[in-house]
Amino acid sequence: MIVKSNISTNFENYSIILLRKFMDKKILKKFGFKHDQQGIINRYIRESGGWEKHLKNTKEFIIQSAQLKDKKSCTILGSGWLLDVPLDKLSQLFDKVQLIDIVHPAQITHKVKKLKNVEIIETDITGLMNPVYHFMKKAKKSNLTLDQIEATHIDLWFQDIKNTDFVVSVNILNQLDILICDYIKKFDIYSEQEIKEFRKIIQQNHLDFLPKGKSCLITDFEEVNLDGSNEVIQTKKLIHINLPLSKHKKKWQWNFDMNQTYHKDYNTIFKVVGMEI
Ligand SMILES: C[S@@+](CC[C@H](N)C(=O)[O-])C[C@H]1O[C@@H](n2cnc3c(N)ncnc32)[C@H](O)[C@@H]1O
């Protein structure tokens with residue numbers, strides 16, 4: 001369902017800045033996407049510089065991956081606050097850059113206006129938010145299983161992705177399932193195992209969607225919780241599927257929360273991998 005289509009094109013400057021919105025605000029709020037995104041910038045500020053190494057690693061990996069690609073078009077999936085996206089550089093390298101996120105912070109929309117070849121699209125990459133919302137309304141009275149939910153994609157960018165020269169999935173793979181599955185959990189209908197299987201479907205769909213030979217995937221894959229003396233107390237897998245083999249891959253650590261606010265009494269780091277696929 002197209003809820004809002006807001007296209008503004010500045011032909012005077014031959015600009016192709018567009019803000020295309022395809023999201024239902026009421027449903028977005030129920031799933032908590034905006035709140036979650038605000039949480040990212042709040043934590044970034046709170047960690048006062050602690051994320052810089054991770055952000056630098058991510059940007060460098062993206063720029064390196066971009067080198068040997070054709071330079072007509074580039075699509076960034078999960079652009080958010082652009083903390084980990086080298087947007088100026090990409091906008092110089094490529095004729096056209098698309099930023100895709102379920103919500104774009106107003107500050108970012110404003111900031112990218114000066115880059116004439118950057119297009120902003122607000123849409124759900126999984127295509128599952130609306131279907132899950134409607135499915136859960138009748139789930140209690142039905143015998144439906146979560147794998148019967150079908151993703152719907154209304155925007156052409158989704159079909160066009162295979163013609164894009166360079167696609168970047170930027171710290172989003174392990175995020176795609178979280179709010180959708182948190183929403184499903186509220187209904188207390190499906191077991192942990194059923195929900196885990198659905199997480200796998202969401203993550204696998206995303207991997208399958210990335211065009212092979214033209215994509216770069218950056219994702220955290222493991223959470224590590226440490227006590228005050230840096231002893232590992234617990235670890236948690238964040239990716240529930242097998243990641244593909246890659247000829248060019250790099251791993252690093254993201255000091256995500258050194259203020260013990262994500263988990264009380266623990267510092268949290270994420271293990272991150274960048275890979276060309
Ligand atoms: C951890 S952030 C990635 C960091 C981001 N590049 C930044 O600098 O803020 C994940 C981003 O994915 C977006 N996101 C989560 N689920 C999404 C979905 N289903 N469709 C599109 N974007 C989604 C969030 O809104 C958020 O901006």
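T268 has a relative accessibility of 0% and therefore counts as buried, where buried stands for under 20% relative accessible area, exposed for over 50%, and partly exposed for anything in between (1.4 Å probe, protein chains only). The structure is a predicted model, in which local features need pLDDT of at least 70 and side-chain atom pairs count only at pLDDT 80 or more, while totals for chains, interfaces and linings use all residues. Residues are numbered from 1 along each chain as its sequence is written, and side-chain values use heavy atoms, with hydrogens and water left out.

T268 sits in strand β9; helices (H or I, at least four residues) and strands (E, at least two) are DSSP runs, numbered from the N terminus. Not counting residues up to four places away in sequence, T268 is in contact (heavy atoms within 4.5 Å) with E223, V224, N225, W254, N255, F256, D257, M258, Y262 and H263. Another strand residue to look at is S73, in β2 (residues 73–77). S73 counts as buried because its relative accessibility is 17%. Leaving aside neighbours within four places in sequence, S73 touches F94, K96, N163, T164, D165 and F166.

We can now turn to the nonpolar interior. In soluble globular proteins, nonpolar side chains tend to be buried together. A nonpolar core is here a set of buried Ala, Val, Leu, Ile, Met, Phe, Trp, Tyr and Cys residues joined through side-chain atoms within 4.5 Å. The largest such core has 46 residues, and the members that touch the most others are F31, V132, W157, I184 and F198. Two or more residues each are given to this core by α1 (25–31), α6 (129–139), α7 (156–160), α8 (178–185), α9 (192–209), β6 (215–226) and β9 (267–276). Helix α6 supplies the largest share, 6 residues. Beyond four places in sequence, W157 touches L77, Q98, I100, I121, T123, I125 and F209. A second, separate core holds 33 residues, including L83, L99, V118 and V272.

What surrounds the ligand? The shell consists of 21 residues, each with a heavy atom within 4 Å of the ligand, and the closest are G78, L83, D84, D101 and D124. By class, 10 of these residues are nonpolar, 8 polar and 3 charged, with Ala, Val, Leu, Ile, Met, Phe, Trp, Tyr, Cys and Pro counted as nonpolar, Asp, Glu, Lys and Arg as charged, and the others, Gly among them, as polar. Helix α2 (residues 33–46) provides the largest share of the shell, 3 residues. A polar side-chain atom of Q37 lies 3.1 Å from a ligand oxygen atom, and a backbone N or O atom of L83 is 2.8 Å from an oxygen atom of the ligand. Taken alone, the ligand exposes 590 Å², of which the protein buries 96%; these areas come from the Shrake-Rupley method with a 1.4 Å probe.

Finally, two loops deserve a look. Y190 lies in the loop between α8 and α9, and its relative accessibility of 11% means that Y190 counts as buried. The side chain of Y190 reaches the backbone oxygen of L144 at 2.9 Å. Y190 and A139 are 51 residues apart in sequence and 9.5 Å apart in space, C-alpha to C-alpha. D188 is also placed in the loop between α8 and α9, but counts as exposed because its relative accessibility is 70%. D188 has a positive phi of about 55 degrees although it is not a glycine. Q260, in the loop between β8 (249–257) and β9, likewise has a positive phi of about 55 degrees without being a glycine.

Technical notes: A polar contact is a pair of N or O atoms within 3.5 Å; within protein, one must be able to donate a hydrogen and the other to accept it, and residues adjacent in sequence count only if both atoms are side-chain atoms.
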